[in-house]
Amino acid sequence: MARAPEPKTIEVNGRTYANRAWIAAETGASMPTVRSWYAKRAEQPEDVQPAESRFPEKGPRIDREDYFDLEQVRAFHHWLKQSKQEKVLPTDPALYEGDPDELVSINDAAAYFHFKSPSAIRKYLKDNPGYFAPVAGQVEGPSGRLIPAFRRVDLQDFDRRRNGDNTGRAGAPGGPRPDRATRSPDVQQRIDTAAAYLSKIGGHRRGAAAELAKIHGEPTWKWERAVKAAREEAVGGA
């Protein structure tokens, strides 16, 4: 089994350079996404403005591993987040009205976020697990058939954290999952806490993530991801 890349930084002539694993750990992106950032720089002219919209060129190469100027990487990632944020349409204020635990149909959810159709949400659920709010049940649709529905509070959590960037871990379906070496310390701590909690209550049960979110005073979506990762680790280590 191939060993996962170790996040590393080096100092050269007073500047700090980071490898791809370190960049993935800091930005929260997957390794395939970090590679694509570099690959796509070839699609842009060298004099593109602003300059930070182009991922930096490779710096030193040590032990067959590429390093990139850390200051330039951070400038690029800041620009990327800002540009994606600007593309996000304002949410319909009606999303924040009503019972937080009310089930909202996939059609109404799409309307709240001004998506072209519910198919945008279906694509998120299929190709980017963990990015959108989790399906919480079903409600009757316009034709009388049951369609997916989401808790209003989960949609609100998604709205607060969304920035148009769904290219992190969820952006690489089928690709390698981040391991402990490529996760930020706070994410790994949350996963370890979730694993300990699941062990304490005798295994996973519906609502476990919400219970953890209430205990720690954090958004439910963070603990849904932590619980999911903890369960995946438990299965992988079995």
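Predicted model: local features only at pLDDT ≥ 70, side-chain atom pairs only at ≥ 80, totals over all residues.
Me: What is the strand order of the open sheet of four strands?
Reply: Strands (E, at least two residues) and helices (H or I, at least four) are DSSP runs, numbered from the N terminus. Two strands pair if DSSP finds at least two bridges between them. The pairing in this sheet is antiparallel, and the order is β1-β2-β4-β3.

Me: Why is one side of β1 and of β3 left without a neighbour in the sheet?
Reply: In the order β1-β2-β4-β3, β1 (9–12) and β3 (58–62) stand at the edges. One side of each lacks a neighbour because each has a single partner strand.

Me: Which residue of β2 is the bridge partner of T9?
Reply: β1 pairs with β2 (residues 15–19) in the antiparallel sense, over four bridges. Within β2, the bridge partner of T9 is A18.

Me: What angle does the direction of helix α1 make with that of β2?
Reply: Axes are lines fitted to C-alpha atoms, for helices over the stretch in contact, and angles run from 0 to 180 degrees between N-to-C directions. Contact means heavy atoms within 4.5 Å. Helix α1 (residues 20–27) packs on the sheet and touches β1, β2, β3 and β4 (65–69), and its direction makes with that of β2 an angle of about 90°.

Me: How is α1 oriented relative to α2, roughly parallel or roughly perpendicular?
Reply: The axes of α1 and α2 come within 9 Å and cross at roughly 110°. Angles under 35 degrees count as roughly parallel, over 145 as roughly antiparallel, 65 to 115 as roughly perpendicular and the rest as oblique. α1 is therefore, relative to α2, roughly perpendicular.

Me: How many nonpolar residues does the contact of α1 with α2 have?
Reply: From α1, R20, A21, I23, A24 and T27 meet M31, V34, R35, W37 and Y38 of α2. Ala, Val, Leu, Ile, Met, Phe, Trp, Tyr, Cys and Pro count as nonpolar, Asp, Glu, Lys and Arg as charged, and the others, Gly among them, as polar. By class, this contact has one polar and two charged residues, and its nonpolar residues number seven.

Me: With which residue does the side chain of T33 make a polar contact?
Reply: T33 is found in helix α2 (residues 31–40). T33 is buried (under 20% relative accessible area; exposed is over 50%, partly exposed in between, with a 1.4 Å probe and protein chains only), at a value of 6%. A polar contact is a pair of N or O atoms within 3.5 Å; within protein, one must be able to donate a hydrogen and the other to accept it, and residues adjacent in sequence count only if both atoms are side-chain atoms. At 2.9 Å, the side chain of T33 makes such a contact with the side chain of S30.

Me: Which strands stand at the edges of the open sheet of three strands?
Reply: The three strands are in the order β5-β7-β6, with antiparallel pairing. One side of each edge strand is left without a neighbour because each has a single partner strand, and these edge strands are β5 and β6.

Me: Which residue in the turn between β6 and β7 has a positive phi?
Reply: Strands β6 (residues 137–140) and β7 run antiparallel and are joined by four bridges. One of the bridge pairs is E140 with L146 of β7. The two strands form a hairpin with five residues between them, and the positive phi, about 95°, belongs to G144.

Me: How many of the ten residues of α6 are buried?
Reply: The buried residues of α6 are R152, V153, D154, L155, Q156, D157, F158 and D159. Helix α6 is largely enclosed by the rest of the structure, because its buried residues number eight.

Me: What is the relative accessible area of D63?
Reply: D63 is found in the loop between β3 and β4. Its phi is near 55°, a positive value in a residue other than glycine. D63 is exposed, with a relative accessible area of 71%.

Technical notes:
Residues numbered from 1 in each chain as written. Heavy atoms only, no water.
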